[in-house]
Amino acid sequence: MSEPFLWGSSLCGGQAEGGISSRGFTVVDNMPQGKELRSHLLDDPQQYIDVPPGYYPSQNGVEFFTHYKEDIETFAQMGFKALRLSLLWSRVFPTGEETEPNEAGLLVYDDMIDCLLKKGITPIITLVHFDMPLWVVKKHNGFYNRETVDLYLRFAKVLLERYKGKVKHWLSFCEINNVNHALYMVGGALVPKTKTRDEVLYQTIHHLLLATSLLVQTAHEIDSENKVSCEVNANPFYPLTSAPEDYFKMIELDRTNYRYIDVMVKGKYPYYIQKDFIKQNVKMTEEDLNIMAENTLDFLSVSYYKSSIATKSSSLSENPLLTKTQWQWPIDPLGFRISLTQLYDRYQLPLLVVENGLGAKDQLVDQKVHDSYRIDYLRQHIKQMKLAIEEGVEVLGYLSWAALDVVSTSEGQMSKRYGFIYVDRNDDGSGSLKRYRKDSFYWYKQVIQTNGETL
Ligand code: BG6
């Protein structure tokens, strides 16, 4: 493992920050709890906007906004070299009507970044991590609308100028390819009655990718030392059988992810998406295409949790060879190596792992959490990453998900915990918010101390 390898972890504003009284709402703030409810609502996101009274966990997260000093101190004690987090657009521009950004919120972010730097922790900032302001949806229909690209850039410039020389790693979006199934959460877009989902999706895809290229351009103009990336969810597909149809299905499914990376790395839309753009009547200009050609990513950031099956059969299929988490996600450490290898073979761009971890129901007993299952999961995955590195794959760092327990994305639950630090907050919002170090805290500290030698 070449030094300085960026060992650390990730967080995001929408799941951790809270502090709802001093910011605008984000797209996840009105999401209720429960996978059923959340996936059902994915089909009708209007329901996220006109919400009934109830408990909405992301509004408070784990109150990182007021606990960050204590939390960063704990991260430093674990030896973190880097922390990746998102700063909320809805805190910087709470209503979208402001002529100036919200100074009070930015002062807190200044201190957050200074605290990290004082502890020798490199801040890596994601601009939007499923936490776009709700006003962008209500007033502009998210990235379906070209205007949102300009609004996004306005927000980006505030951060790029303010943190010039302090923050050098920027991610345009979290898991851009998840817009395929989460159009509202990633793209902030609702489907108008007069349009099909695909029309809205493909136009949104173009705007998200254009925004990424403009971020690359602007970040480089402001500081030539800036390095810009976009996070992709690396989810390798395996053909279920040796039927050629299953293999071809795999190619098609892979393309639904590669179509984002191809253009962000190679600067050109791959041929297989161009026909979809024409079919869906996507509007783009020559100038857009030139910007995309000239402003490609400096590195590729990836999250990895699981692999999936590709099959010609229409019924849902699961991999019979893999065990699963308590939330039925297949556990596949080799799939991590497969993803890193495939991405490096295809793009030869340095990779930064920005998410990888295990969601589990932890038990706090006598102020301790014995999470050997999490240690085992992380150990197996890091081993596979090391093998990829030994083969020559360039990996800049490993940031697990998550630094501390946060509200889960798919279920909105606190009981699906990923952190090294247990946060006393329950699914119903009760709890003291007190933080406790899990066994994995001490294990990961040793991993970092030995630069990955002791697993
Ligand atoms: C990633 C997201 O897809 O997966 C995180 O970037 C999320 O925001 C993580 O928390 C784990 O997913 P979940 O649904 O278990 O929280």
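How far does a polar side-chain atom of Y305 lie from an oxygen atom of the ligand? I looked this up to start my notebook. The distance is 3.4 Å. I keep in mind that this is a predicted model.

**Entry: the ligand**

Q15 has a polar side-chain atom 2.6 Å from a ligand oxygen. For S410, I found a polar side-chain atom 2.2 Å from an oxygen of the ligand. I then checked how much of the ligand is covered. On its own, the ligand exposes 380 Å². The protein buries 95% of that area.

Next I listed the surroundings. I found 14 residues around the ligand. Q15, E175, S410, K416 and Y418 are the closest. I sorted the shell by residue class. Six of its residues are nonpolar, five are polar and three are charged.

**Entry: cysteines**

How many disulfides does a search of the whole structure find? I ran through the cysteines and noted zero. I wanted a reason, so I took two cysteines in turn.

I began with C115. Its closest cysteine sulfur belongs to C12. C115 has 15% relative accessibility, so I logged C115 as buried.

Then I took C230. The closest cysteine sulfur here is in C174, 8.7 Å away. That is also too far for a bond, because the limit is 2.5 Å. C230 has 0% relative accessibility, so C230 counts as buried.

**Entry: aromatic rings**

I turned to the rings. The whole structure holds 26 aromatic pairs. One of them joins Y269 and F277. Are Y269 and F277 buried or exposed? Both residues are buried.

I also traced a cluster linked by ring pairs. I noted its members as F5, W7, F75, F80, Y304, F336, Y398, F420, W443 and Y444.

**Entry: charges over rings**

Which residue lies over the face of W329? I found K306 there, 5.6 Å from the ring centre. I then looked at Y258. The charged end of R346 sits over the ring of Y258. Its distance from the ring centre is 3.7 Å.

How values were computed: Residues numbered from 1 in each chain as written. Predicted model: local features only at pLDDT ≥ 70, side-chain atom pairs only at ≥ 80, totals over all residues. Heavy atoms only, no water. Near = heavy atom within 4 Å. Polar contact = N/O pair within 3.5 Å; in protein donor to acceptor, adjacent residues only side chain to side chain. Areas by Shrake-Rupley, 256 points an atom, 1.4 Å probe, with all protein chains shown as cover. Nonpolar A, V, L, I, M, F, W, Y, C, P; charged D, E, K, R; others polar. Buried < 20%, exposed > 50% of the residue type's maximum accessible area, 1.4 Å probe, protein only. Phe/Tyr/Trp six-rings, centres within 6.5 Å; stacked < 30°, edge-to-face > 60°. Lys NZ or Arg CZ within 6 Å of the ring centre and 35° of its normal.
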